[in-house]
Amino acid sequence: MEALDYHAEERRKAEFDVEEMKIVWAGSRHAYEVSDRVARIVASDPVFQKDNRTMLSRKDLFKDTLKKAAHAWKRIIELRLSEEEATELRFFVDQPAYTDLHWGMFVPAIKGQGTEEQQKKWLPMAYKMQIIGCYAQTELGHGSNVQGLETTATFDPQTDEFIIHSPTLTSSKWWPGGLGKVSTHAVVYARLITDGQDYGVHGFIVQLRSLDDHLPLPGITVGDIGMKFGSGAYNSMDNGLLRFDHVQIPRDQMLMRLSQVTREGKYMPSDVPRQLVYGTMVYVRQTIVSDASSALSKAVCIATRYSAIRRQFGSQNGGPETQVINYKTQQNRLFPLLASAYAFRFVGEWLKWLYTDVTERLQANDFSTLPEAHACTAGLKSITTTATADAIEECRKLCGGHGYLSSSGLPELFAVYVPACTYEGDNVVLLLQVARFLMKTVSQLGSGKKPVGTTAYMGRAEHLMQCSCDVQRAEDWLNPSVIVEAFEARALRMSVACAQSLSKFSNPEEGFAELSPNLVEAAVAHCQLIVVSKFIEKLQQDIPGKGVKRQLEILCNVYALYLVHKHLGDFVSTGSITPKQGALANEQLRSLYSQVRPNAIALVDAFNYTDHFLSSILGRYDGNVYAKLYEAAWKDPLNDSVVPDGYHDYVKPLLRQQLITARL
């Protein structure tokens with residue numbers, strides 16, 4: 001018997017080729033084929049099943065994670081998966097594990113900061129997982145302020161060793177994933193001290209646990225920091241604490257690509273430019289932006305499918321009630337999030353190109369674009385992760401009461417995603433870094449030094465400071481050049497206003513601290529311009545498939561005009577648009593929602609997520625929500641018995657008015 005598809009009617013409404021859109025979403029036909037194949041391998045494997053994850057105790061959840069990580073590695077070897085396929089497999093297993101930090105932080109740190117000899121020694125073991133590594137930077141007392149780290153690495157010329165030590169309680173390493181229970185090694189960041197002088201924070205490879213019995217080595221205190229937000233979620237990760245009591249390591253375990261300490265204890269910077277470290281940072285932040293589009297698209301897929309199934313009010317003559325997705329209030333909250341998922345996907349794609357470009361330039365000793373690339377990736381990491389965390393919670397609310405159920409998948413998705421707003425740079429701190437770069441760029445406008453990359457628009461400051469928006473009718477907002485100029489004018493004028501306010505302070509740092517809220521808003525305006533302009537650039541490419549490009553144009557306009565509406569105060573107060581033009585943008589936005597509506601289900605189908613990966617009854621591909629919610633309720637451990645444990649001790653005496661004499 002063929003399974004019912006409750007979304008069949010919705011899928012018939014689609015005005016574009018969904019299979020072609022899947023390829024656009026994946027980035028290429030090859031990427032689509034790899035992800036589709038690997039997703040199915042994971043979904044069909046019983047070891048990777050995860051529908052009971054939120055009901056497990058912490059110990060059982062952690063053991064389940066270890067099992068999945070080992071099984072994933074076994075499948076990677078058995079199927080002889082390429083590096084690309086292995087990465088996809090870990091992505092679709094979709095359970096935070098120590099392997100994320102091993103491959104995502106430990107290995108890149110050695111590749112980026114280790115000498116050739118060090119890479120030859122450590123990477124083969126790491127690639128075979130004969131050692132498991134983590135990235136021990138953050139401490140109990142310091143996170144964002146890396147220069148304030150307190151762990152010390154003091155060189156002892158007598159023994160030719162560094163002595164790693166935690167001098168205070170706040171110098172305890174705190175938070176590194178994989179550290180708590182699994183990692184055998186860590187790249188530890190500590191203050192390098194030699195000959196009585198402090199040379200600041202450097203990286204060191206330190207073995208933490210025995211490779212024979214996994215016990216901590218002498219002088220090392222290590223454990224897990226405890227339960228975190230949510231059930232399931234990030235509690236599958238052993239975020240750890242670590243203290244050193246005068247732990248000795250060989251001198252050659254200092255990562256020495258950028259600087260080294262000689263046998264005599266002399267500190268020597270190498271001739272490799274320090275800027276190379278930025279290459280790794282651009283890479284890591286690019287992956288975070290891609291992850292934002294993945295998490296956001298999951299939430300949007302669930303909320304869109306459920307909004308099409310859920311009916312409430314509006315029944316005519318005993319007929320069916322209205323689908324929730326048909327209410328303008330639902331569309332007004334949901335469709336901009338759908339557009340944002342696509343927008344973040346394409347800016348993530350562009351960041352991959354930027355990483356390649358930066359890497360090639362670094363190899364040619366061209367550092368001209370580095371400050372701009374660094375600021376750009378910092379800002380995009382910040383605005384995409386903040387928007388995604390907020391959007392996942394909005395999707396939960398869009399699903400009404402059932403969105404609060406664990407089986408909706410949304411509470412766990414939120415809990416597992418929200419740390420992205422803090423790790424790899426606190427989002428507000430990152431925006432302040434962007435703002436510093438913008439202030440520097442504005443200050444150099446009169447010097448003849450041309451702004452580069454994503455700040456190139458600032459080179460047209462004279463025009464952008466006085467131009468006025470041409471919009472006279474709602475449909476004028478569909479012109480990409482009108483949209484871009486409005487966003488450029490807003491971003492530039494906000495940056496210039498901040499620079500002018502800063503110039504009134506005799507102490508620039510005092511001014512920066514005082515004006516930091518305004519500076520953050522200017523940075524957001526700049527970063528939103530990048531996302532909008534990269535979406536528009538994407539649409540200038542040749543995009544095959546019936547109706548595919550048209551749908552992307554609609555989504556691009558939804559994303560841009562939603563931002564105009566959301567930040568109307570900025571656009572109007574800077575004079576970038578008039579209040580009337582703001583009202584016309586909103587009118588056009590409502591019209592665009594009507595164009596998204598028939599394609600909404602097909603647009604989330606294009607993400608090509610298996611039910612296993614979505615892990616949501618509300619987001620099921622077939623839309624069979626109510627029967628499956630009812631079925632799932634009976635699987636809860638509370639329903640194992642009809643009369644609950646504790647009834648005879650605590651409820652029965654209450655009902656019989658015998659609490660006073662009961663033995664509680």
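**Exercise 1.** Find how many bridges join β4 to strand β8 (residues 240-244), and in which direction the two run.

*Solution.* Step 1: two bridges join β4 to β8, and the strands run antiparallel. Strands here are DSSP runs of E of at least two residues, numbered from the N terminus, and two strands pair if DSSP finds at least two bridges between them. Step 2: Trp-174 stands opposite Leu-241 in β8. Step 3: the open sheet has three strands in the order β4-β8-β7, with antiparallel pairing. Its edge strands, each pairing on one side only, are β4 (173-174) and β7 (220-224).

The model is predicted: local features need pLDDT of at least 70 and side-chain atom pairs pLDDT 80 or more, while totals for chains, interfaces and linings use all residues. Residues are numbered from 1 along each chain as its sequence is written, and side-chain values use heavy atoms, leaving out hydrogens and water.

**Exercise 2.** Describe how domain 1 meets domain 2.

*Solution.* Step 1: domain 1 covers 107-272 and domain 2 covers 277-605, with bounds from an automatic or database domain assignment. Step 2: 10 residues of domain 1 are in contact (heavy atoms within 4.5 Å) with 11 residues of domain 2. Step 3: the two domains bury about 820 Å² between them, 73% of it on carbon and sulfur atoms. Buried area is the accessible area (1.4 Å probe) that two parts lose on being put together, summed over both. Step 4: Phe-229, Ala-233 and Tyr-234 supply 50% of the area that domain 1 buries against domain 2, more than any other three residues.

How values were computed: Helix = DSSP H or I, 4+ residues; strand = E, 2+ residues; numbered from the N terminus.
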